[in-house]
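This report walks through one protein model, part by part. Look at the structure first, then read on.

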Amino acid sequence: MLTVLLAACGSDVPRTAVLDATRAGGAARDWAMIGGDYAATRYSPLGQIDSTNLARLEVRTRSPFDQQSLAERVFGVSDSQRVWYRPRTWRFQPRRWLGASERQTSTPVVVDGVAYFTGSYNRVLAVDVATGRQRWVYRHHMQRVPLVCCGPHNRGVAVAGERVYVGTLDARLVALDRAAGQPVWDVAVGDPAASYSITAAPIVVDDLVIIGVSGGEYGIRGFLAAFDARTGAPQWRFWTVPSPAEGGWWGRWSRVTPDGDSLPRDIDREKRDSARYPDTWQHGGAPVWMTPAYDTATGVLYVGTGNPAPALDDSPRPGDNLFGCSILALDARTGTLRWYVQLSPHDLWDRDASNPIELFSLRVGDSVVPALAQANKTGRVYVLDRRNGRLLVRSDPFVPVKDMFARRSPAGTVIYPAVGGGNVSAPSAYWPGGGLLIVPGVHRPTRLRLDGGTLQPGRSYYGGQDASAGGGWGNISAIELATGRIRWQHRTEVPPVNTGALVTASGLLLYGDGSSLVAADVTTGRVLRRLDVGCQIDGTPVTFLQGGRQRLALVCRAGLLTFGLAGQS
């Protein structure tokens, strides 16, 4: 029998990692990192806002992004030379302005009454949560020709001591002075000319700042790297595509997934082709575009990786394509691999395993097992023993499934879930009171079509095309972590591609749905309140104390919003 325990493991905050750690109750008072804590559960022990007073919830402050002359400030160009966004290719072009319609996926970090969050084009903002007044804004002046997959957004910052850390679209890591927003140091993580970029928030572990890179659609070789938090000096780098000297990326030549599904592979052909493609690992993808979770008791990071490259055309990449579409356990001090589980060996469908990972404890028979969970693009939640990666539970699918393991064709094959489906990138939240994982899901029937292609600098290395086949929608599901069963499930008005979930001690579930902040009963999913905030919500809500009162905050496409109960000062 599997039972989920009430307390999440790994949630204590080391003194050296987060400013508030030395203060009693600090972890509950502040929202000190984007996942809430190192376990990334997005659960808060605060409960002042509950079903009895929810009708009084209102927007208290609005802090808009500073859009004035943005192209000049970011790129150093005139207003006539704005930026243009195309799916899978975003670069400097003299076309049209993207203003407030851009996705804003940042999760704010709130420390000592100040919210730190990011906007598109590498902006970092500090806002007083009591007044909504902007304290400072940092604008990173990057190279003029960045190339990124999915728009110029950023998922947030890390705050540690007197520093704020942010990764940039031109693949740099910047440390800012927390009081004034001035750069303290600025170091290169990857080469933007080779299509490396950063959209994830860093994580600070003791005196290390750890960050992963994006660029899997353009033939990068993915990695996770650690830097000295004081100086920016590089400390270690873990390549998510191992070289032949490191054992190679061919793996075990798996014929099935870890949970037993057969894969449509011609292993004999792949082995024959190994000599034909000896160097494709150098552009093998496997980016790390989400923030890892961290177990403070063992010092282990849990990292999700993205698709191998090219994503849809597997002909030039024989083997399992390690460590694409995998969950990795790494020693945080050294970057040494402890274990890995590849959820989609030799992936053909762009089913990243990059999504956020949550840590908790699970009772298995008479034993308590340290576990982790990840909601995946396969449309299922995977629960693993985080000591060794052993699969404990595979959930029922939370979105419809059709021909998941069909091969793609030049004419196009309709598959779901695939790229853009399942849990795409929206963070899930853990409810310890019921052992539930709250999962945002997307049903997107997708037509995948092969078109081949070779690696060319500055161009997509995707191997095909994906397009909606129509009929999609979104939902929110509550998954029983001990059994994998779906406790409840409800449709959303807008598919939750980016906006994630927050759960509080009062049993409230909060998430964005279009331009509404939704509050629901976490045990049943029943919607208790929809509060229209007037702008599209792509970020994930957080909660904290301000003046002893519980507040909420989120980033929408217009800026930062804070919420409180009417009648409270």
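## An enclosed strand

Start with strand β38. Of its 8 residues, 7 are buried, so β38 is largely enclosed by the rest of the structure. Buried means under 20% relative accessible area, exposed means over 50%, and partly exposed lies in between (1.4 Å probe, protein chains only). Strands (E, at least two residues) and helices (H or I, at least four) are DSSP runs, numbered from the N terminus.

The model is predicted: local features need pLDDT of at least 70, side-chain atom pairs count only at pLDDT 80 or more, and totals for chains, interfaces and linings use all residues. Residues are numbered from 1 along each chain as its sequence is written, and side-chain values use heavy atoms, with hydrogens and water left out.

## The partners of β38

Which strands pair with β38? One is β37, which runs antiparallel to β38 and is joined to it by 5 bridges. Two strands count as paired if DSSP finds at least two bridges between them. F544 has R551 of β38 as its bridge partner. The hairpin of β37 and β38 has 2 residues between the strands, and G547 there takes a positive phi near 65 degrees.

Strand β39 (residues 559–565) also pairs with β38. The sense is antiparallel, over 5 bridges. C556 stands opposite G559 in β39. β38 and β39 form a hairpin too, with 2 residues between them. Strands of a sheet pair through backbone hydrogen bonds, either parallel or antiparallel.

## The disulfide

How many disulfides does a search of the whole structure find? The search finds 1. A disulfide is taken as a pair of cysteine sulfur atoms within 2.5 Å. This one joins C535 to C556, with an S to S distance of 1.9 Å. C535 lies in the loop between β36 (527–532) and β37 (542–546), and C556 lies in β38 (residues 549–556), so the pair ties together parts that are 21 residues apart in sequence. In general, a disulfide is a covalent bond between the sulfur atoms of two cysteines.

Why is the disulfide of C535 and C556 left-handed? The torsion about its S-S bond is about -90 degrees, so it is left-handed. Are the two cysteines buried or exposed? C535 is buried, at 11% relative accessible area. C556 is buried as well, at 0%. Another cysteine, C325, is also buried, with a relative accessible area of 0%.

## Cavities

A cavity is a set of points, on a 1 Å grid over the protein atoms alone, where a 1.4 Å probe fits but cannot get out; lining residues have an atom within 4 Å of a point. Grid points are joined across faces, edges and corners, and a volume is the space filled by probe spheres set on the points. The count comes to 3 cavities of 30 Å³ or more.

The largest cavity holds about 320 Å³ of space. Its lining has 28 residues, and M33, I34, G35, R42 and T291 lie nearest the centre. The elements that give two or more residues to this lining are β10 (158–160) and β14 (203–205). By class, the lining has 17 nonpolar, 7 polar and 4 charged residues. Here Ala, Val, Leu, Ile, Met, Phe, Trp, Tyr, Cys and Pro count as nonpolar, Asp, Glu, Lys and Arg as charged, and the others, Gly among them, as polar.

The second largest cavity holds about 70 Å³. Residues that line it include T257, D259, D261, R351 and F405. Its lining has 4 nonpolar, 3 polar and 5 charged residues.

Strand β16 (residues 223–228) pairs with β17 over 5 bridges in the antiparallel sense. F223 stands opposite W239 in β17.

Another open sheet has 4 strands in the order β6-β7-β8-β9, again with antiparallel pairing. Its edge strands are β6 (109–111) and β9 (134–139). Neighbouring strands are turned by 20 degrees against each other on average, direction ignored. Strands β7 (residues 114–119) and β8 (residues 123–128) run antiparallel, joined by 6 bridges. V114 has D128 of β8 as its bridge partner.

Conventions. On a 1 Å grid over the protein atoms alone, a cavity is a set of points where a 1.4 Å probe fits but cannot get out, and a pocket is an open set with protein on both sides within 12 Å along at least five of seven lines; lining residues have an atom within 4 Å of a point. Axes are lines fitted to C-alpha atoms, for helices over the stretch in contact, and angles run from 0 to 180 degrees between N-to-C directions.
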